[in-house]
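Subject: Structure handover

Hello,

Please find the model below, with the sequence. My notes on it come after.

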Amino acid sequence: MIHYFSSSTGKKFLMAVSGAALFAFIIGHLLGNLQIFLGPEELNRYSAFLKSTGELLWMARIGLLVMVGIHIWTAISLTLENRAARPVAYAQKDYIEASYASRTMHVSGLIVLAYIVYHLMHFTFGTVHPEYAHFVDGQGRHDVYRMVVSSFQNPLIAITYIVANLLLGMHLSHGIYSAFQSLGLMTEDLRPKLKTLSCVVGYGIFIGYASIPLSVLLGFVK
């Protein structure tokens, strides 16, 4: 098993599986966040429920951090292997087949990682923008609704989230397609369909996440 996961094939498998786990979290997190459009009661109740799970919530967080670590390790390791296999760069690169998203996977991945750290420090730990972290609603619960709306009324914060989620969508638009290839599920018949599906899902997730700061910034959510 150690030999297999140390090989390029094993690393690609680990990258695909860890990416799939993170993708599942991204979908679940988005569905939870979209409850902001149902009003403060729904979002605050959802947040209070998550916090009530206690140890299970922290186990999930630790599991996600492990998946992030595996994803980063395999990405760096495979990149170094590719560079070692071709120490001399191409004199001229042909970008006809490679999409912009695939050519910038490493850059978008690093920026998304920085965004995740910022996001956790903002909404989870309250160490960034602490002025928005201590709201309490009428039932004594953490007023997540007011925290989110107050944060995104700041144009700089809202634009930061929108741009970061655009890069996340771009990263997913190629990552989903690559996962099928790494897991050996790709066929020539499926290839064009999966490319289209990956783009639709990736940028659809961007639209979902970006709709929240954009709606607050434009005054639709108050």
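This is a predicted model: local features need pLDDT of at least 70, side-chain atom pairs count only at pLDDT 80 or more; totals for chains, interfaces and linings use all residues.

Residues are numbered from 1 along each chain as its sequence is written, and side-chain values use heavy atoms, with hydrogens and water left out.

Overall fold

The protein has 9 helices and 0 strands, where helices (H or I, at least four residues) and strands (E, at least two) are DSSP runs numbered from the N terminus. Along the sequence the pattern reads α-α-α-α-α-α-α-α-α. Taken along the principal axes, the C-alpha atoms fill a box of roughly 60 × 40 × 35 Å. The protein has 222 residues, and 35% of them count as buried; buried means under 20% relative accessible area, exposed over 50%, and partly exposed in between (1.4 Å probe, protein chains only). Of the contacts with a separation of 6 or more, 75% are between residues 24 or more positions apart. Contact means heavy atoms within 4.5 Å.

Helix packing

Axes here are lines fitted to C-alpha atoms, for helices over the stretch in contact, and angles run from 0 to 180 degrees between N-to-C directions.

H6 (residues 105-124) and H8 (residues 155-182) have axes that come within 9 Å and cross at roughly 135°. That makes H6 oblique to H8; angles under 35 degrees count as roughly parallel, over 145 as roughly antiparallel, 65 to 115 as roughly perpendicular and the rest as oblique. The crossing of H6 and H8 is left-handed, a term used if the near helix is turned anticlockwise from the far one by less than a right angle (right-handed if clockwise). On the H6 side the contact includes Met105, Ile111, Tyr115 and Phe123, and on the H8 side it includes Ile157, Tyr161, Leu168 and His171. The residues of this H6 and H8 contact divide into 11 nonpolar, 9 polar and no charged. Here Ala, Val, Leu, Ile, Met, Phe, Trp, Tyr, Cys and Pro count as nonpolar, Asp, Glu, Lys and Arg as charged, and the others, Gly among them, as polar.

H2 (residues 8-33) packs on H4 at an angle of about 145°, with the axes 8 Å apart. The crossing of H2 and H4 is left-handed. Residues making this contact include Lys11, Lys12, Leu14 and Phe25 of H2 and Leu64, Trp73, Leu78 and Glu81 of H4. By class, the contact of H2 with H4 has 12 nonpolar, 6 polar and 3 charged residues.

H2 also meets H9: their axes come within 10 Å and cross at roughly 35°, again in a left-handed crossing. Phe23, Ile26, Ile27, His29, Leu30 and Asn33 of H2 touch Val201, Ile205, Gly208, Tyr209 and Ile212 of H9. These residues of H2 and H9 divide into 8 nonpolar, 3 polar and no charged.

Nonpolar cores

A nonpolar core is a set of buried Ala, Val, Leu, Ile, Met, Phe, Trp, Tyr and Cys residues joined through side-chain atoms within 4.5 Å. The largest has 19 residues, and Ile36, Val148 and Phe152 have the most contacts inside it. H6, H7 (144-152), H8 and H9 (190-217) each give two or more residues to this core, with the largest share, 6 residues, coming from H7. A second, separate core of 10 residues includes Leu30, Leu168, Met170 and Leu172. Valine 148 is in contact with Ile36, Phe123 and Ile212, leaving aside neighbours within four places in sequence.

Single residues

Glutamine 35 is in the loop between H2 and H3 and is buried, with a relative accessible area of 17%. Not counting residues up to four places away in sequence, glutamine 35 touches Glu42, Leu43 and Tyr46.

Serine 182 lies in H8 and counts as partly exposed, at 28% relative accessibility. Lys12 and Ala16 touch serine 182, with residues up to four places away in sequence not counted. Serine 182 and valine 17 are 165 residues apart along the chain, and their C-alpha atoms are separated by 9.3 Å.

Histidine 129, in the loop between H6 and H7, has a positive phi near 55°. Most residues other than glycine have a negative phi.

Regards
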